[in-house]
Amino acid sequence: MSEKEYLPRRVMSIHAHPDDQDFSVAGTLAKWAAAGCEVITVIITDGSAGSNDPVHAANYKPTLASIREQEQRAANAILGIKETVFMGQPDGELEPTVTLRREVTKFIRRYKPEVIVTSDPQAVFYGNGYINHPDHRAAAQLALYAAFPSAGSRLLFAELLDEGYEPHNVKRVYIHGSEKPDTWVDISETLDTKIAALKQHVSQVDTHEVDEWMRKWAEEEGKEKSLKYAEAYKVMILEEQEESKPEN
Ligand SMILES: [Zn+2]
């Protein structure tokens, strides 16, 4: 099956901070949403550490958390995402604990996504200039191990059964930011939507520079496959799709 034809029916996008999704995978999500896919965003931390402005003291954190929640909702509205889950963990302190994996597992069992979209838990460094935020790695690890084995294993977190959360098998995991991508999603038609979504994160991004940067990144990600703009993934296929019926 070529990647062009693959359209999941329901997707869960799992990330650490408000804005992570929109920097990385929003072009793919907008494309799928426009084609009828239902997308659920899960943001694990509250984003309350996302400011270095010296005017703000520690008591600004709850205000910033609420600003960032609104920014993510505005971004998701642009992307065509109707459902957003904020888990509210403290920004900058995320660990991939079993307790949090149980929580993420619960959301996967509740919404039953076919695909999980997240980042690469192995990415410690990007180039020579960026040490990957530890929250990003922790969120990716939570997403990955909630997708497998936790969501589909009946007696793993068996107490969830008593709460009515039956096992659910995720079919694919799309991992963005991998050193060795194997799947490219053409986002030429949704790059503008991605940029518009990212610009909703007013507390985080320089809205004047975002256009140029996002175009440059999308060009770089598409280069290997001669696509003008792309988002590149390593894709884990945990369960093959049923063959679609031939058209009459
Ligand atoms: Zn982040």
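**Helix pair**

I took helices as DSSP runs of H or I with at least four residues, numbered from the N terminus.

Before going on, I noted that this is a predicted model, where local features need pLDDT of at least 70, side-chain atom pairs count only at pLDDT 80 or more, and totals for chains, interfaces and linings use all residues. Residues are numbered from 1 along each chain as its sequence is written, and side-chain values use heavy atoms, with hydrogens and water left out.

Next I looked up who touches whom, with contact meaning heavy atoms within 4.5 Å. From H7 I listed Leu191, Asp192, Lys194, Ile195 and Leu198, and from H8 Val210, Asp211, Met214, Arg215 and Ala218.

**Zinc site**

Which protein donors does the zinc ion have? I found His17 (ND1), Asp20 (OD) and His136 (NE2), lying 2.1 Å from the zinc ion. Donors here are N, O and S atoms within 2.8 Å of the metal (3.2 Å for Na, K and Ca), and water is not among the atoms, so sites may look incomplete. I wrote the spacing of the donor residues down as H-x2-D-x115-H. Asp20 sits in helix H1 (residues 20-24) and His136 in helix H5 (residues 134-150), 116 residues apart, so the pair links distant parts of the chain.

Are these two buried or exposed? Asp20 is buried at 11% relative accessible area, and His136 is buried too, at 16% (buried is under 20%, exposed over 50%, partly exposed in between, with a 1.4 Å probe and protein chains only).

Terms used:
Helix = DSSP H or I, 4+ residues; strand = E, 2+ residues; numbered from the N terminus.
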